[in-house]
Amino acid sequence: MPGLENDRYLKALMKQPVDRTPVWMMRQAGRYLPEYKATRAQAGDFMSLCKNPELACEVTLQPLRRFDLDAAILFSDILTIPDAMGLGLYFETGEGPKFERPLRSVSDINKLSVPDPEQELGYVMDAIRTIRQALAGSVPLIGFSGSPWTLATYMVEGGTTKSFSQIKKMAFAEPRALHLLLDKLADAVILYLNAQIAAGAQSVMIFDTWGGVLSPRDYKDFSLQYMHKIVDGLTRENDGRKVPVTLFTKNGGMWLEAIAATGCDGVGLDWTIDIGEARARIGDQVALQGNMDPSMLYASPERIEEEVKTILAGYGNGSGHVFNLGHGIHPDVPPEHAKVFIDAVHQYSQAYHRG
């Protein structure tokens with residue numbers, strides 16, 4: 001890879017040979033790090049941190065100073081697009097994101113305009129440019145977005161939910177309204193991710209956090225087809241280098257073949273599927289990312305190492321595996337346990353890459 005000291009992550013996503021399995025962690029910049037908490041306090045609140053390119057860069061780099069990670073991921077939030085659409089995003093302590101103006105009707109959806117990524121979301125692009133400069137070619141930078149279905153869930157529910165009653169009510173009682181919203185969001189995500197790539201993101205990921213709450217038919221109808229549209233619309237090469245795209249549906253193990261068929265480069269796995277089984281099903285088509293249970297980081301160092309060895313053995317020999325957690329790292333995990341995990345991946349994976 002031109003100008004990259006460590007291109008292991010990009011090579012693995014393209015199933016090219018690597019010397020050891022690359023590793024990064026979802027939410028690697030976050031509340032489990034005391035230095036992150038200090039920077040967030042300096043910013044004032046979470047969205048102020050996201051919207052300050054210098055501080056967003058600082059927290060993106062913090063885990064790389066502690067750990068031997070193979071990639072940096074942009075510090076941002078999946079709800080930047082709905083926020084830019086004017087829904088009044090705010091965060092209540094201990095309750096997660098909320099919207100002042102949730103979408104409840106076709107007229108609400110018709111009023112939404114697709115945000116210009118260099119205008120309403122310019123702070124994200126500024127953060128990417130700042131981070132790329134600060135990384136100085138050490139490791140690649142991952143950009144990301146939420147999936148249309150996941151974004152729509154927050155926008156219609158007005159925040160986090162356990163029942164998904166409002167979004168499913170729209171899906172089943174007013175499907176045309178929901179498809180209108182999802183199509184608009186897919187267009188917004190294409191623009192947003194392509195702008196991230198133009199600004200310097202060297203790989204992009206789509207987080208479909210809530211795809212797993214749908215039935216198989218509804219998943220394909222309301223989630224997968226819109227991610228497929230995004231994959232088709234993405235810039236797949238920049239700076240003379242391929243830009244890999246990874247799709248991650250939490251609880252999506254039953255749909256791996258359909259996800260791989262979108263034309264993505266990598267499929268994210270949560271911990272509810274065996275990685276060996278996933279490789280047998282789709283590993284000749286795409287790279288796999290995952291898939292240790294984040295709660296394993298509460299275990300003893302010996303148990304963490306044992307789990308890393310089990311997952312490496314499950315995937316087996318050769319490239320095409322990006323080691324990660326099956327979801328984001330929990331806020332109360334000791335940073336030393338994260339280090340044990342990352343170092344174990346590098347140490348024990350070398351045996352699987354001797355050509």
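Partly exposed means a relative accessible area between the buried limit, under 20%, and the exposed limit, over 50%. The legends below describe a predicted model.

**View 1. Glutamate 58 pairs with arginine 65 in a salt bridge.** The N to O distance is 2.9 Å. Glutamate 58 has a relative accessible area of 25%, so it counts as partly exposed. Arginine 65 is exposed, at 53%.

**View 2. Lysine 98 and glutamate 95 form a salt bridge.** Their closest N and O atoms lie 2.8 Å apart. Lysine 98 is partly exposed, with a relative accessible area of 24%. Glutamate 95 is also partly exposed, at 40%.

**View 3. A salt bridge links glutamate 306 to arginine 303.** The closest N and O atoms are 3.8 Å apart. Both residues sit in helix α14, 3 residues apart, so about one helical turn separates them. Glutamate 306 is partly exposed, at 44% relative accessibility. Arginine 303 is partly exposed too, at 31%. Elsewhere, shared partners join the salt bridges of Arg8, Asp19 and Asp70 into one network.

**View 4. The largest pocket holds about 1,300 Å³ of space.** Its lining has 41 residues. Nearest the centre lie Arg27, Arg31, Phe46, Asp77 and His327. α2 (34-43), β2 (89-92) and β3 (96-99) each give at least two residues to this lining. By class, 21 lining residues are nonpolar, 12 polar and 8 charged.

**View 5. The second largest pocket holds about 150 Å³ of space.** Among its lining residues are Trp271, Met292 and Glu307. Helix α14 supplies the largest share, 4 residues. The lining divides into 5 nonpolar, 3 polar and 3 charged residues.

Definitions and conventions. Residues are numbered from 1 along each chain as its sequence is written. This is a predicted model: local features need pLDDT of at least 70, side-chain atom pairs count only at pLDDT 80 or more; totals for chains, interfaces and linings use all residues. Side-chain values use heavy atoms; hydrogens and water are left out. On a 1 Å grid over the protein atoms alone, a cavity is a set of points where a 1.4 Å probe fits but cannot get out, and a pocket is an open set with protein on both sides within 12 Å along at least five of seven lines; lining residues have an atom within 4 Å of a point. Grid points are joined across faces, edges and corners, and a volume is the space filled by probe spheres set on the points. Ala, Val, Leu, Ile, Met, Phe, Trp, Tyr, Cys and Pro count as nonpolar, Asp, Glu, Lys and Arg as charged, and the others, Gly among them, as polar. A salt bridge is a side-chain nitrogen of Lys or Arg within 4 Å of a carboxyl oxygen of Asp or Glu. Buried means under 20% relative accessible area, exposed over 50%, partly exposed in between (1.4 Å probe, protein chains only).
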